[in-house]
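This report describes one protein chain. It moves from a single residue to the whole chain and then to selected pairs of side chains.

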Amino acid sequence: MTFSVDTENILTREAAESRSALVSNTRYTLELTLKEHAAGYRGHCIVEFDYRHGGTDHLKLDFITREIHAVTLNGMATEEYLRGDFAIYLKREHLREGRNTLEVAYTSQFDNTGSGFHKFHDPEDGEEYMHTDFEPYDAHRLFPCFDQPDSKASYRLTVNGPSKWTYIHNTLPEDTRTEGDEVTIAFKRTAVFSTYLFALVVGPYAGWEDRYDRIPLGIYCRKSLAKHMDPENIFAVTREAMATLEAYFDYPYPYDKYDQVFVPEFNFGAMENVGCVTFSEHYVFRHKKLYSEHLNRANTITHEMVHMWFGDLVTMKWWNDLWLNESFADYLSYFAMSRGTLFSDALEHMYVRKEWAYQQDQYSTTHPIAASARDTIEAFSNFDGISYSKGASVLRQLQYYIGNEAFRAAIGHYFRRFAEQNTTLDDFLSIMSETSGIDIVAWSRQWLETTGVNTLLSRIEDGRLMIEQQGSAQNDLIRQHAMEFTGYRQIGGALVENETHKIIIDGKTAEAELKSDTAFVILNTHDYDYVKVFYSQDALAIARRSLHTIEDPFARRLVWGSLWQMVRDNAFPPTEFIETGIELATEEKDLSILNSHIIAKIKAVVSAYLTDENRAIWMPRLNTMARERLARPENSEHEQIIWFGLLLETALLSDELDYLHALVTGAESIASLDIDQEKRWNIIARLMACGHRDAEELFSHEKKLDKSDLGQKKAFMVQASRPDSAEKETCWQEFTEKSSRSTDFLRYGMKGFQWRMQKDLLAPYVDRFFDAVENVYSKRDVHYAEAFGHFLFPTWRQTPDMIEKIETFLDEKDKNGGDLPALLRKLLIEQADDLKRVLPIMEKQRG
């Protein structure tokens with residue numbers, strides 16, 4: 001067998017499976033030495049493992065480091081190893097059959113990408129903070145390891161560093177020794193878990209302590225953010241979630257403590273490291289937030305706690321079964337919250353998140369829930385709406401199909417059988433079938449192993465409900481659906497609940513008898529099914545007149561969700577959606593529905609689904625409406641926040657911009673609404689992008705006022721918003737050349753770079769995007785590349801030639817034998833799919 005050093009930082013499934021056959025029973029002993037104001041750190045790692053001869057000439061340990069000082073294998077110093085940029089390789093003949101011990105002393109540099117071992121400098125107080133983030137394939141940036149999920153191990157960490165810092169790991173400290181300004185902390189050896197779940201967080205963190213039963217709880221954030229932290233709420237959510245999950249799973253929390261740390265410049269919402277969950281600082285609420293935002297934070301807290309069982313205790317064998325982690329965490333977090341008292345309406349908000357699944361599942365890049373993952377790059381691309389939200393929705397369908405008690409019993413059985421092990425789809429199906437007495441394999445074939453979403457169309461005909469099921473667009477697949485439907489009768493212009501029934505739809509058509517006075521039907525009541533529901537013209541007319549009269553907010557939410565999907569599928573004109581929204585927004589009693597399903601969708605329609613001509617008509621109307629609603633002194637603060645968002649995003653004309661200017665300077669005010677720091681920056685960005693005469697003066701003042709790290713990032717966002725070609729060029733160089741700035745800092749600039757009203761100024765960056773993007777995706781880390789592709793693709797250019805440009809770019813790469821990065825290919829295909837969806841909607845508006 002020939003051998004070559006890896007030229008990319010990727011682990012393939014094939015290589016992982018081969019290594020698993022050779023290596024087992026791994027233990028790590030790691031010592032790190034950290035210094036203040038240092039660019040790097042020293043490490044010493046002992047890797048103990050059992051080895052079975054066979055397969056390859058070399059055994060690979062994943063490892064990225066600046067310098068290796070010494071390597072010892074089985075007690076003997078050695079230079080008989082190969083070192084690549086991403087791994088070290090041990091020759092087979094130097095390894096023993098059975099137990100081996102490898103020691104590596106090294107010096108590494110901190111990362112600034114948000115992943116690996118990330119270091120952050122707080123400009124407010126000069127303090128330093130470090131945190132790890134390793135999913136799916138970054139643990140080897142900290143220490144040499146077999147960095148794959150089925151190579152579970154225990155870890156014993158010792159850290160030497162400044163005594164003024166706090167050190168947080170997966171376990172509690174076992175021994176602490178302080179000498180002057182230095183401290184050495186030896187942590188307890190951990191339980192057995194995968195490398196990507198290892199955690200170390202370091203810095204002068206502010207902390208709060210509590211307990212749940214036998215489990216110590218901790219919350220931490222930067223010192224400069226401590227004044228914004230609300231630990232009482234977070235502890236309340238944590239205690240309720242843990243009590244609910246332990247009872248439902250019938251399996252105790254499996255670790256000895258539970259810390260939650262809000263870390264700077266995090267790339268995701270949160271990460272489920274064993275006993276040490278890390279969160280984005282976006283969840284430290286510096287300003288007033290809506291109820292839905294508090295619920296979303298509580299859901300993230302609960303989601304990560306579910307992972308302590310689904311993902312940490314029992315882990316997928318390889319990333320193709322990522323859904324065994326994420327789908328369960330996504331669904332059971334909402335389900336657990338719905339069984340508590342703090343956010344009992346959580347399942348309604350799961351329906352909002354489901355829109356992510358519908359969108360992702362209708363791209364030509366969609367994949368089954370039980371996906372393929374040839375390597376860790378494809379694994380990263382599967383952290384999407386399919387693995388999370390569609391998987392969650394399908395699990396809700398399974399729970400409804402087999403019954404809650406069977407579903408619950410199977411989960412408990414799953415944990416008891418596979419604790420500290422790795423599982424596959426077959427393991428899950430076996431447990432579910434065995435426990436429920438129902439053959440889940442056939443269910444899996446149509447739900448977990450296929451793609452696409454079905455659409456149901458219904459009508460009332462001669463006292464019967466007639467349902468037609470349309471196949472998924474990609475494969476015309478018809479599925480079996482278990483759901484409820486609710487019928488309503490009309491009384492004096494109001495819709496009153498009349499009947500609710502369960503129905504099984506098993507084919508292209510189905511029907512059910514209705515009460516004679518049922519005039520309107522909502523399919524999929526309580527959202528047990530994963531399906532789109534479209535309405536007839538008669539039903540749409542009734543909804544437009546009377547939707548606000550339905551008492552059940554979940555039912556109203558479902559109808560609004562259907563209207564949005566009909567807009568996206570060119571079955572309901574976007575202008576009619578806006579008109580319906582304007583008519584019913586003032587009648588909507590539930591602010592979450594008003595925000596998520598009416599105002600947010602109106603803003604999305606204006607941004608992406610209108611022709612320029614219709615946009616010019618509707619933006620002033622919506623801005624006027626928002627200003628009128630904001631003038632109502634009886635509005636709650638939450639309602640004012642919602643209307644302010646519409647006001648800001650539709651401001652374009654000079655008088656509209658002048659009003660924003662008056663708000664930011666204090667010349668005007670809005671009852672019950674504080675123009676806080678976040679709103680100030682967002683107003684200034686819009687004024688800058690629109691070329692308001694006083695934007696530069698406001699910008700200069702705000703930079704002096706807000707010295708925080710977020711203030712500096714928002715300032716870069718405003719800088720990138722300038723309608724100035726020289727400024728655009730400066731920012732573009734920052735984005736495309738190697739920069740010392742963190743990924744998070746540059747991400748804010750990208751957010752401010754593109755504005756629809758700057759189309760002429762941005763025109764040269766269409767070609768420049770395509771000239772630069774392959775190099776970015778090839779040379780930069782995946783988080784940076786994703787930000788570049790997402791924020792800098794010219795989405796404002798909604799023309800047929802953009803589809804042609806994307807497809808020509810892809811075709812030329814294929815013809816020339818270019819190996820285009822998989823994440824880039826996916827991005828471009830999805831952008832083309834979006835255009836293919838939007839352009840016919842615009843064409844219909846033109847008549």
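Helices (H or I, at least four residues) and strands (E, at least two) are DSSP runs, numbered from the N terminus. The model is predicted, so local features need pLDDT of at least 70 and side-chain atom pairs count only at pLDDT 80 or more, while totals for chains, interfaces and linings use all residues. Residues are numbered from 1 along each chain as its sequence is written, and side-chain values use heavy atoms, with hydrogens and water left out.

**A residue in helix H16**

Thr650 belongs to helix H16. Is Thr650 buried or exposed? Buried means under 20% relative accessible area, exposed means over 50%, and partly exposed lies in between (1.4 Å probe, protein chains only). Thr650 counts as buried, because its relative accessibility is 2%. Contact means heavy atoms within 4.5 Å. When neighbours within four places in sequence are left aside, Thr650 is in contact with Met619, Leu622, Asn623, Glu656 and Arg686.

The loop between helix H16 (637–650) and helix H17 (654–665) contains Leu653. With a relative accessible area of 42%, Leu653 is partly exposed. Together with Leu652 and Met757, Leu653 makes a nonpolar surface patch of about 230 Å². Patches are made of residues with over 30% relative accessible area and no salt bridge; like charges are joined within 9 Å, nonpolar side chains (Val, Leu, Ile, Met, Phe, Trp, Tyr) within 5 Å. Accessible areas come from the Shrake-Rupley method with a 1.4 Å probe, and for residues only the protein chains shown count as cover.

**The whole chain**

The protein chain has 27 helices and 29 strands. Its C-alpha atoms fill a box of roughly 85 × 70 × 60 Å along the principal axes. The radius of gyration is taken over C-alpha atoms, and the globule rule is 2.2 Å times the number of residues to the power 0.38. For 847 residues a compact globule would have a value near 29 Å, and the 28 Å of the protein chain agrees with this.

Of the 847 residues, 60% count as buried. The protein chain exposes about 31,900 Å², of which carbon and sulfur atoms supply 47%. Among contacts between residues at least 6 apart in sequence, 72% join residues at least 24 apart.

**Salt bridges**

A salt bridge is a side-chain nitrogen of Lys or Arg within 4 Å of a carboxyl oxygen of Asp or Glu. How many salt bridges does a search of the whole structure find? The search finds 63. The table gives examples.

| Pair | N to O distance |
|---|---|
| Asp6 and Lys60 | 2.4 Å |
| Glu17 and Arg13 | 3.1 Å |
| Arg768 and Glu729 | 2.6 Å |

Asp6 lies in the segment before helix H1 (13–20) and Lys60 in strand S3 (residues 58–62), so this pair ties together parts that are 54 residues apart in sequence. Asp6 is partly exposed at 27% relative accessible area, whereas Lys60 is buried at 13%.

Glu17 and Arg13 are four residues apart in helix H1, so about one helical turn separates them. Glu17 is partly exposed, with a relative accessible area of 43%, and Arg13 is partly exposed at 31%.

Arg768 lies in helix H24 (residues 764–779) and Glu729 in helix H21 (residues 725–736), so the pair ties together parts that are 39 residues apart in sequence. Arg768 is partly exposed at 25%, and Glu729 is partly exposed at 28%. Elsewhere, salt bridges that share partners join Asp122, Arg222, Glu265, Glu281, Arg286, Asp709, Lys713, Asp744 and Arg747 into one network.
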